Amino acid sequence: MAWNVSLLLAAILVPTDPVSVVNILKQSNGVDEIADIVEGESMLNDGTSIVMFTIVLSMVETNGGFSILHFLQEFLFVSAGGVGVGLITGWILSKLLRFTSHPDYLVMLSVLTAYGSFLLAEQFGFSGVLATVVSGIMLSFAFAKKETEIEKETRNHLNIFWNIINPILTSVLFLFIGIQATSYLNFNQWPLAFMVFLLSVLARTIIVFSLMSIFPNWRKTLFRNKLLNFSLLSWAGIKGSMSIVLLLWTVNSSVGNQSLVISIAFAAILISFVLQSMGVYPLTKLLKKVESK
């Protein structure tokens, strides 16, 4: 594969999926903080990974060479623009909350903000996902400033609505995965796909270790059980729904070795989803036994 196509494959495998691993981690005593990190990482990782993916995809489709300076310029422009749009729409929504506390209106307002901020950011060439995430964070801060019974009830209604919508949309996505993946998984490069999966785990391990080394305060506070937390954070980077979304994005694009790239990515995501999901709970129990000795 060409260098740009390899970068595209890497960009597809960057996002993590917290849906399954967070539930497993929260059922394991003493690792709630790891579950919160994985969930928070995924929330921001989805937006930045889409930005990376779209930049690399445009390079691949135009047969342009990879330039670190051009990449950073595009990344900062698209990311900063998305964050800016999210701050503006989130601020407007927080002001509108003063005029109504009716649950139905607030749910509709949250839907309007989510999709409105996304479409507005995309209209200007910014990251719609980052805009949506930031507007949601702004909304959460607005609730946190006034922890009255009305705010708590409103937050509860919003949580109930989005907790119902989220699994429905995820189920539809995985249905599409089953429909699309069948033809691509019938290929003879499974050893290569398994190697790509192992390299993605290795890359994540290096990043986690580097961040623990750079920031000493994290080692003292968050990583009290260093072996447990380091191993879980490294292993918990499961590939899932967002990687599939990016992968399906390439189906109708002009990518060299398209069939091979899609097949390897599908296989690597499937391996990650099965092996890492199955390994989180036993790893938690094993490491706890080791550290208790």
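1. Tryptophan 91 counts as partly exposed, with 49% relative accessibility (buried is under 20% relative accessible area, exposed over 50%, and partly exposed in between, with a 1.4 Å probe and protein chains only). Tryptophan 91 belongs to helix H4, residues 68–96 (helices are DSSP runs of H or I with at least four residues, numbered from the N terminus), and its C-alpha atom is separated by 9.9 Å from that of phenylalanine 141, 50 residues apart along the chain.

2. The model is a predicted one, in which local features need pLDDT of at least 70 and side-chain atom pairs count only at pLDDT 80 or more, while totals for chains, interfaces and linings use all residues. Residues are numbered from 1 along each chain as its sequence is written, and side-chain values use heavy atoms, with hydrogens and water left out.

3. Which residues of H5 are buried? Leu106, Val107, Leu109, Ser110, Thr113, Ala114, Ser117 and Ala121 are, and they lie on the same side of H5 because they cover an arc of only 165° around the axis (the arc of the directions from the helix axis to the C-beta atoms). On the other side of H5, Asp104, Met108, Leu112, Leu119 and Gln123 are exposed.

4. Helix H5, residues 103–123, has 21 residues and reaches 30 Å from its first C-alpha to its last, close to the expected 30 Å (1.5 Å times one less than the number of residues). Just after H5, glycine 125 takes a positive phi of about 85°.

5. Isoleucine 160, placed in helix H7 (residues 149–184), is partly exposed, with a relative accessible area of 43%.

Note on methods
Helix = DSSP H or I, 4+ residues; strand = E, 2+ residues; numbered from the N terminus.
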